[in-house]
Amino acid sequence: MSDVWQLVHAERRALIAFLEGIDDARWDTPSLCPGWRVRDVVAHQIATADTTRLGFLKGMLLARFDFDRDNQNGVDRELGPAAQMLDRFRSIVDRTSGPPAPLDTRLVEVVVHGEDVRRPLGTVGDYPMEAVERALRLQARTGKGIGGAKEHVAGLTLRATDADVTIGDGPEVTGPLLDLLLVVSGRTVALGALGGPGAPSLAARVA
């Protein structure tokens, strides 16, 4: 298994390289995250990369232990013109700090939010299968209350059609590994890529 941080740093650099070709106006395109523009998702990526365990606790105190408010505070802090945000992102691209959570949450962060940015701008990322698989497995065993998808996939089998990956037990939901990850993470834009007898149940849960 690859080191998590090697995978994370590579995906951060790939996203920066992609965004260097996007003009500032297009950063205001609505992302796959409801209520957030591409610019907001990038700001969140920067804020999360810059987060330490102590900083996370301080942020939660300021947000009165409201996780969504803490996230928004981080976004607001990092917003700015595209060029300024890219400079800031480059300056922390190799950070190995993060909130108190399993390390594979960093893979969920870079892959899912990477698609939150890329797909509305007309493209799909090219991620290492290991990174996507580890992110999907983490989501499948983590409760929704802390950002996972355990309740979405309960009683279902997820089977990738482009990798040797099968997770769970029950009616099958089949599709490309990346699309399975996006759908269980609440990105309904990828539902059309999924099939199998369990797909309607999964669609109803994430809708």
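Contact here means heavy atoms within 4.5 Å. All views show a predicted model.

**View 1. Val 173 and its contacts.** Leaving out residues up to four places away in sequence, Val 173 touches Leu 156, Thr 157, Leu 158, Arg 159, Leu 180, Leu 194, Gly 195, Gly 198, Ala 199 and Leu 202. Two of these partners, Leu 158 and Leu 202, are named with Val 173 among the core residues that touch the most other members.

**View 2. The largest nonpolar core.** This core holds 36 residues. Val 111, Leu 136, Leu 158, Val 173 and Leu 202 touch the most other members. Two or more residues come from each of α1 (4-19), α6, α7, β1, α9 and α10. Helix α9 gives the largest share, seven residues. Domain 1 (4-121) and domain 2 (129-206) each contribute at least three residues.

View 3. Helix α9 spans residues 177-184. Eight of its eight residues are buried, so the helix is largely enclosed by the rest of the structure. They are Leu 177, Leu 178, Asp 179, Leu 180, Leu 181, Leu 182, Val 183 and Val 184. These buried residues pack against the helices α6 (105-118), α7 (129-141), α8 (150-153) and α10 (199-206). They also pack against the strands β1 (157-160) and β3 (172-175). Gly 186 follows α9 and has a positive phi, near 95°.

**View 4. The salt bridge of Asp 179 and Arg 119.** The two side chains meet at 3.2 Å, N to O. Asp 179 lies in helix α9 and Arg 119 in the loop between α6 and α7, so the pair ties together parts that are 60 residues apart in sequence. Is Asp 179 buried or exposed? Its relative accessibility is 10%. The cut-off for buried is under 20%, so Asp 179 counts as buried.

**View 5. The salt bridge of Asp 116 and Arg 187.** Here the N to O distance is 2.7 Å. The pair links distant parts of the chain, 71 residues apart. Asp 116 sits in helix α6, and Arg 187 in the loop between α9 and α10. Both Asp 116 and Arg 187 are buried.

View 6. An α-helix has 3.6 residues a turn, so residues three or four places apart point the same way. Arg 137 has 32% relative accessibility and counts as partly exposed. Glu 133, at 25%, also counts as partly exposed. Elsewhere, salt bridges that share partners join Asp 24, Asp 28, Arg 37, Arg 39 and Asp 40 into one network. The structure holds 18 salt bridges.

**View 7. The largest cavity.** How many cavities of 30 Å³ or more does the count give? The count comes to one. The largest cavity has about 40 Å³ of space. Its lining consists of Arg 12, Gln 45, Thr 48, Ala 49, Phe 89, Arg 106, Glu 109 and Val 110. Helices α2 (38-49) and α6 each supply at least two of the lining residues.

Note on methods:
Residues are numbered from 1 along each chain as its sequence is written. This is a predicted model: local features need pLDDT of at least 70, side-chain atom pairs count only at pLDDT 80 or more; totals for chains, interfaces and linings use all residues. Side-chain values use heavy atoms; hydrogens and water are left out. Buried means under 20% relative accessible area, exposed over 50%, partly exposed in between (1.4 Å probe, protein chains only). Helices (H or I, at least four residues) and strands (E, at least two) are DSSP runs, numbered from the N terminus. A salt bridge is a side-chain nitrogen of Lys or Arg within 4 Å of a carboxyl oxygen of Asp or Glu. A nonpolar core is a set of buried Ala, Val, Leu, Ile, Met, Phe, Trp, Tyr and Cys residues joined through side-chain atoms within 4.5 Å. Domain bounds come from an automatic or database domain assignment. On a 1 Å grid over the protein atoms alone, a cavity is a set of points where a 1.4 Å probe fits but cannot get out, and a pocket is an open set with protein on both sides within 12 Å along at least five of seven lines; lining residues have an atom within 4 Å of a point. Grid points are joined across faces, edges and corners, and a volume is the space filled by probe spheres set on the points.
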